[in-house]
Amino acid sequence: QAQLVEAGGGFVQPGGSLRPSCVASGITFCIYTMGWYLHAPGKQRELVAYITGGGSTNYAYSVKGRFTISRDNSKKTVYLQMNNLKPEDTAVYYCRANPGLTIEGPRGSWGQGTQVTVSS
């Protein structure tokens with residue numbers, strides 16, 4: 001299983017930007033689909049975006065045009081560039097790694113999460 005370590009969350013005002021990162025170890029990174037999920041208080045965890053080993057991406061409707069997922073296979077790292085942040089983006093953001101071409105699956109791994117708070 002992958003070991004995933006997130007960093008780069010924080011506190012930002014509405015309209016601001018953050019760029020969380022997730023470093024993976026223990027896996028052949030380039031064959032894994034990597035993704036970001038959010039878990040807001042009182043709600044279920046939901047998918048934000050994912051990127052396959054080949055670079056294909058998919059985004060939740062709520063973040064299209066504002067968030068960009070990318071990966072650096074040489075650094076075994078996935079990023080989530082978050083622009084024009086809104087208070088409703090406030091959540092713990094989790095990194096996920098799953099082998100193959102999908103983000104869901106029984107062999108996936110989770111990071112410990114990083115808190116993103118958007119408030120004035």
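The model is predicted, so local features require pLDDT of at least 70 and side-chain atom pairs pLDDT 80 or more, while totals for chains, interfaces and linings use all residues. Residues are numbered from 1 along each chain as its sequence is written, and side-chain values use heavy atoms, with hydrogens and water left out.

Me: Why is E6 called buried?
Reply: Buried means under 20% relative accessible area, exposed over 50% and partly exposed in between (1.4 Å probe, protein chains only). E6 has 5% relative accessibility, so E6 counts as buried. The residue lies in strand β1 (residues 3–7), a strand being a DSSP run of E of at least two residues, numbered from the N terminus.

Me: Why is the pair of Y37 and W110 called edge-to-face?
Reply: Rings of Phe, Tyr and Trp (its six-membered ring) pair if their centres lie within 6.5 Å; planes under 30 degrees apart count as stacked, over 60 as edge-to-face and the rest as tilted. The count by this rule is 2 aromatic pairs. For Y37 and W110 the centres are 4.8 Å apart and the planes stand at 70 degrees, so this pair is edge-to-face. Y37 in strand β4 (residues 32–39) and W110 in strand β10 (residues 109–110) are 73 residues apart. Y37, at 4% relative accessibility, counts as buried, whereas W110, at 33%, is partly exposed.

Me: What makes Y94 and W110 an edge-to-face pair?
Reply: Their centres are 6.5 Å apart, with 90 degrees between the planes. Y94 is in strand β9 (residues 91–99) and W110 in strand β10, so the pair ties together parts 16 residues apart in sequence.

Me: How do you know which classes line the largest pocket?
Reply: Ala, Val, Leu, Ile, Met, Phe, Trp, Tyr, Cys and Pro count as nonpolar, Asp, Glu, Lys and Arg as charged, and the others, Gly among them, as polar. The lining has 4 nonpolar, 2 polar and 6 charged residues.

Notes: Helices (H or I, at least four residues) and strands (E, at least two) are DSSP runs, numbered from the N terminus.
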